[in-house]
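Dear colleague,

Please find below the structure that I am handing over to you. My notes on it follow directly after.

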Amino acid sequence: MKTLKTAASALALSLMASVATAEGKLSIYHWFEYIPQELLDKFAAEYDVEVTLDTYDSNEALLAALKAGKLGQYDVAVPGDYMVEILGNEGMLDTFTDDEMPNKGNILPQWADVSFDPGRKSSIPYQWGSTSFSVNRDVYSGNIQTTDIIFNPPEELKGKINVLDTAGETLTFASLHLGIPQCSTDREQLKALNDLVQNAKANWASFGSDVAKDVLVSGDAAAGMIWNGFGMKAREEGANIEYAYPDQGYIVWMDNVVLLKDAPNRDNALKFMNFLLEPENAAAVTNYARYTAGVAGVEPFLDEALKTAPELNPPAGGNPQFVQACPEEVQKVYDTIWTNLKK
Amino acid sequence: MAGLGPTGGRAARTYAGRGPLLILPAWVIIGIFLVLPILIMATYSFLTKEFRGGVIWEPTLAAYDQFFFDRGLFGDEQPKIEWTYILIFWRSIWQAGLATLLCLLIGFPTAWFIATRPAHSRTVWLFLITVPYWVNLLIRTISMKFLIRDNGPMNQWLLNAGLIDEPIHIINTNLAVQLGLFYSYLPFMVLPIYAAVERYNFALSEAAADLYASRWVTLTQVIIPVVKPGIIAGCILVFVPSLGAFLAPDLLGGAKNFMIGSLIEEQFKGAAGNWPFGAAAAMILLSMVLIVLIVYARNQDRESA
């Protein structure tokens, strides 16, 4: 009996101890390779907070983890635009007031009120960019401003193409190629989409998202779908590649830091989000990840190379499109198309 | 397979009647880490899919229906037999089977070689076999990718040596997957066979030779029957993890085709978010492996009886 009491009081003590230290903690759920360690260290030192970071590799993986019981373990996450809307509809986001986010005014006007989070009640901009493809200019010197490069490639590129291993982005890109609306319910259009990717697959070498940069740098792929900043990194690592803005269109996206529901350290989460809205800190992320911040006043802190990089300066006009979250009946067809493609 | 329990008189007396108590920790561990997860998985496979992951607590056979019946792109055609998932399973079984065969062909002579060395150098050989496996599987698989790519060291060396005129294209093919599986699981074949060969009484080979058995007959009629438990253990240890492997198919095969492992992963992590279907596919895989193991155990019992 005595030992039981001792054990119980020890347990109580340790519980109290963990509550006491938990005040100085922050738990982040983030994409891979997307925030510099120095910035996390800076936040930890400035606010005396112990920061932990776990990573995921797609918006869907984030949703799956939160659904499988991770909600309540993390304070903030960084979903893309359409996923902010989904998380919001699933009731997984907390809201904050303007008073709780003093730097909210730093958000650039075009990102201050967005359709996926009207009035920015749960999210702040992290970085935005585009999804298109890069082509190795040593291998192919012709016109690359067309989605034919991926879906109807010239002889030089056949069998040397990597596509992103996520149904959402690759099928959206295929829809742009066909000129059909996203989430189309038209049967003929969906059949055409199915046929297109089925036929194009013969020319593809691999499916890969986290390796999208590596295959271009190593030469395993001569053309590959890629996010613009990742493509810039690949170019800076020595690949002679050019990022394309195809006439048919390309995907734009914005990643956002969201305040998760039941965040164990809500105060620190707000401090962290406010910290990321400081121009200097937003610029540090941009310098690292090679995308574009959604915060005003970052220019003085940016690397010189970013100002002229073709990956970050899309030509005027063009046809940038956000990925839409499709309704269930369309998503079901997309799943079938994707499984057919990889069977 | 089941142990006969303590046979020594004193031990039997000491532990008399406490058997159930002593086995309790094992049962708790098996219960919590094996039986419970399988029960959860089985339950989920019979629940209704919730859009974007998760389940609704209404029982249905929809997941199994999806596995076995093809209702067309829009899900409203007359059901036909669904070949997609059978094809994916067959591909995995074929790859795993081939990897097992390759491991056996290389692993058996290797194990034999090590077991026939003097005792002190055996330790060194075994040590050498295990050294590469101190490194994480992911890192070894990526290293393999670096080695075999079109402009990687292997092709460079062959080109420089004048043995080939253009690079051998291995990366992103089934051959690369095979190579990855074979390399990943080779020690699981070598070590059990080594353990069996080490106990082999070489006087049996001599006796066979005295009775005019050829080398081939000695191998097939004497050696293999004796070390068979080691061979079968090795085959199971290679085949089962190869069946669910997804690192090699993803990294070396270019993720072009689903294997069982990546198909299941996609149901939980991918856009499909179809947990009941992922659970059902896992249950079907589990049942298949169980059936094979039960048939094997039956045969063993019959042979030893």
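The notes below concern the contact between two chains and one annotated span.

This is a predicted model, in which local features need pLDDT of at least 70, side-chain atom pairs count only at pLDDT 80 or more, and totals for chains, interfaces and linings use all residues. Residues are numbered from 1 along each chain as its sequence is written, chains are lettered from A and ligands numbered from 1 in the order in which they are written, and side-chain values use heavy atoms, with hydrogens and water left out.

Chain A contributes 41 residues to the contact and chain B contributes 33 residues (contact means heavy atoms within 4.5 Å). Together the two chains bury about 3,000 Å², of which 55% is on carbon and sulfur atoms; buried area is the accessible area (1.4 Å probe) that two parts lose on being put together, summed over both.

Between chain A and chain B there are five salt bridges (a side-chain nitrogen of Lys or Arg within 4 Å of a carboxyl oxygen of Asp or Glu). A salt bridge joins the side chains of A:Lys67 and B:Glu50, at 3.4 Å from N to O.

On the side of chain A that touches chain B, at least two residues each come from α3 (59–70), α8 (187–200), β6 (204–207), α9 (212–218) and α14 (328–341) of chain A. Helices (H or I, at least four residues) and strands (E, at least two) are DSSP runs, numbered from the N terminus. The largest share, ten residues, is supplied by α14(A).

In chain B, UniProt (unreviewed entry) places "domain: ABC transmembrane type-1" at residues 89–296; UniProt positions are given in the numbering used here, feature names are shortened, and annotations may be inferred rather than shown by experiment. Residues 89–296 of chain B are 76% helix and 0% strand, with end C-alpha atoms 21 Å apart.

Yours sincerely
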